[in-house]
Amino acid sequence: MSNSEAAVNTPAAVTGNESIKKLVFAGVFAAITYVVFTYLSIRVPTPGAGQVSIHLGNAFVVLGALLLGSLYGGIGGALGLTIADLIDPVYIVEAPITFIIKFLIGLIVGLIAHRAGHITTETDTSKVLRWVILASAAGLIFNAVFDPLIRYFYKILILGKPAAEVSFAINFGVTLLNSVVSLVIVVLLYMAVRVPLKKLGLFFRF
């Protein structure tokens, strides 16, 4: 083996190549979450000229964390939804909140799935399924509770308490619906793509 070939196969080179792949995939998930939220959502008006959206963007934040880990998955999904907020006049003022909450979803999902469940190295499919459900549910429950709650306190400052209370009720109901549907979708998607990604050499292990 030549010196150049040896260099390519060193742990540092492998780690660098994997980081680049994760970065590319994070960009893909950012694009997917942006498209899903911007073009495939159902807008629900709220008092004070606001809106909440029925969408599956959160499902791809969770899927990104399951496939790429907390950091890359969380940032990818959070960036996509934050950019969607930034270019929408209705949501632009809430963009920082979106980034924080969605990144935390990815962080929670990734830590449970990979640090506790070791889903990428576990060979027992039933155990993988249980940890995927647990990790995904934890992240989406966090979203269902804290997304409307944080936005509620934010809207008190912007809209005044009466409007914020009505908005909170609508936001909570829509976010809960999003979370339930997203949980089903993300579990099915992860279990479906797990084997094909392994065959393509695009399955990252943690």
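1. Start with Glu-18 and Lys-22, whose side chains form a salt bridge at 3.7 Å, N to O. (A salt bridge here is a side-chain nitrogen of Lys or Arg within 4 Å of a carboxyl oxygen of Asp or Glu.) The two sit four residues apart in helix α2 (residues 11-39), so about one helical turn separates them. Helices here are DSSP runs of H or I with at least four residues, strands are E runs of at least two, and both are numbered from the N terminus. Glu-18 is partly exposed at 29% relative accessibility, while Lys-22 is buried at 10%. (Buried means under 20% relative accessible area, exposed over 50%, partly exposed in between, with a 1.4 Å probe and protein chains only.)

2. A quick caution: this is a predicted model, where local features need pLDDT of at least 70 and side-chain atom pairs count only at pLDDT 80 or more, though totals for chains, interfaces and linings use all residues. Residues are numbered from 1 along each chain as its sequence is written, and side-chain values use heavy atoms, leaving out hydrogens and water.

3. Next, look at Asp-88 and Arg-43, a salt bridge at 3.0 Å, N to O. Asp-88 is in the loop between α4 and α5 (95-116) and Arg-43 is in strand β1 (residues 42-46), so this pair ties together parts 45 residues apart in sequence. Asp-88 is buried at 12%; Arg-43 is partly exposed at 29%.

4. Now helix α6 (residues 125-159): Arg-151 and Asp-147 both lie there, four residues apart. Their closest N and O atoms are 2.7 Å apart in a salt bridge.
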